[in-house]
Amino acid sequence: MLLVAVVVCVDVIGALTVGYPPALALVLHELPFMGKSFSKVEWAEAGTGCRGLSDWECEEQQSACLRGPMVRDLVRAHIALGEATRQGVLDLLGPTKGRVKIEGQTCDDYNLGMCSGLGWDYDSLYVCFAGDGTVSAAGHVQH
């Protein structure tokens, strides 16, 4: 624990003196999106909604980062840029519940929960499509 505290302190001091803190960015914005293989069943179960749950239980479920750890494997192994199609993505992930603008392009948006940062902003998986219907970009974004 002391080692982690030292690394974070050095990183913060480095960020204040020379710019972007890479170790802190890794811990807060990359680690939450790796470590688990993608599972279509687990993905679907994590997005089942709030039927039968109290308001508090629903909020907890929607904010939990159940899908987050699958994102890296999903993007690298299941959504190939220039190959995967919109229909293939829909078959894999189900329908999107929203859209998000990424670098001027409107992309499909899948809720991941509160995964990165300090846990008070929601994260999403975005999947963008080219004119031919294939995936042109995919990744995660914090709102």
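Residues are numbered from 1 along each chain as its sequence is written, and side-chain values use heavy atoms, with hydrogens and water left out. Because the model is predicted, local features need pLDDT of at least 70 and side-chain atom pairs count only at pLDDT 80 or more, whereas totals for chains, interfaces and linings use all residues.

User: What makes up the fold, and in what pattern along the sequence?

Analyst: The chain has six helices and four strands, which follow the pattern α-α-α-α-α-α-β-β-β-β. Helices (H or I, at least four residues) and strands (E, at least two) are DSSP runs, numbered from the N terminus.

User: How do you know which strands pair?

Analyst: Two strands pair if DSSP finds at least two bridges between them. Strand β1 (residues 98-102) is joined to β2 by five bridges, in the antiparallel sense; there, Lys-101 stands opposite Thr-106. Five bridges also join strand β2 (residues 105-113) to β3, again antiparallel, with Asn-111 facing Ser-124. Between β3 and strand β4 (residues 135-142) there are seven bridges, antiparallel as well, and Val-127 has Ala-138 as its bridge partner.

User: Which residues of the hairpins take a positive phi?

Analyst: In the hairpin of β1 and β2, with two residues between the strands, Glu-103 has a positive phi near 50°. In the hairpin of β3 and β4, with five residues between the strands, Gly-133 has a positive phi near 85°.

User: Why is strand β3 described as largely enclosed?

Analyst: Buried means under 20% relative accessible area (exposed is over 50%, partly exposed in between; 1.4 Å probe, protein chains only). Seven of the seven residues of β3 (residues 123-129) are buried, so the rest of the structure largely encloses this strand. Both directions are involved: Asp-123, Leu-125, Val-127 and Phe-129 point one way, Ser-124, Tyr-126 and Cys-128 the other, and all are buried. In general, side chains of a regular strand alternate between the two faces of the sheet.

User: What makes a group of residues a nonpolar core, and which have the most contacts inside the largest one?

Analyst: A nonpolar core is a set of buried Ala, Val, Leu, Ile, Met, Phe, Trp, Tyr and Cys residues joined through side-chain atoms within 4.5 Å. The largest has 19 residues, with the most contacts inside it made by Trp-43, Ile-79, Leu-93 and Leu-125. At least two of its residues come from each of α5 (71-77), α6 (86-93), β2, β3 and β4. Apart from this core lies another of five residues, including Val-100, Ile-102, Cys-107 and Cys-128.

User: How do you know that the buried residues of α6 lie on the same side of the helix?

Analyst: The buried residues of α6 are Val-89, Leu-92 and Leu-93. They cover an arc of only 75° around the axis (the arc of the directions from the helix axis to the C-beta atoms), so they share one side of α6. These residues pack against α3 (40-46), α5, β2, β3 and β4. Leaving out residues up to four places away in sequence, Leu-93 touches Phe-38, Trp-43, Leu-74, Ile-79, Tyr-110 and Leu-125, where contact means heavy atoms within 4.5 Å.

User: Why is the pair of Phe-38 and Trp-43 called tilted?

Analyst: Rings of Phe, Tyr and Trp (its six-membered ring) pair if their centres lie within 6.5 Å; planes under 30 degrees apart count as stacked, over 60 as edge-to-face and the rest as tilted. The centres of Phe-38 and Trp-43 are 6.0 Å apart and their planes stand at 55°, so the pair is tilted.

User: Why do Phe-38, Trp-43 and Tyr-110 count as buried?

Analyst: Their relative accessibilities are 11% for Phe-38, 1% for Trp-43 and 3% for Tyr-110, so each meets the criterion for buried.

User: How do you know that the charge of Arg-67 sits over the ring of Trp-43?

Analyst: The term requires NZ of Lys or CZ of Arg within 6 Å of the ring centre and within 35 degrees of the ring normal. The charged end of Arg-67 is 4.3 Å from the centre of the Trp-43 ring and sits over that ring.
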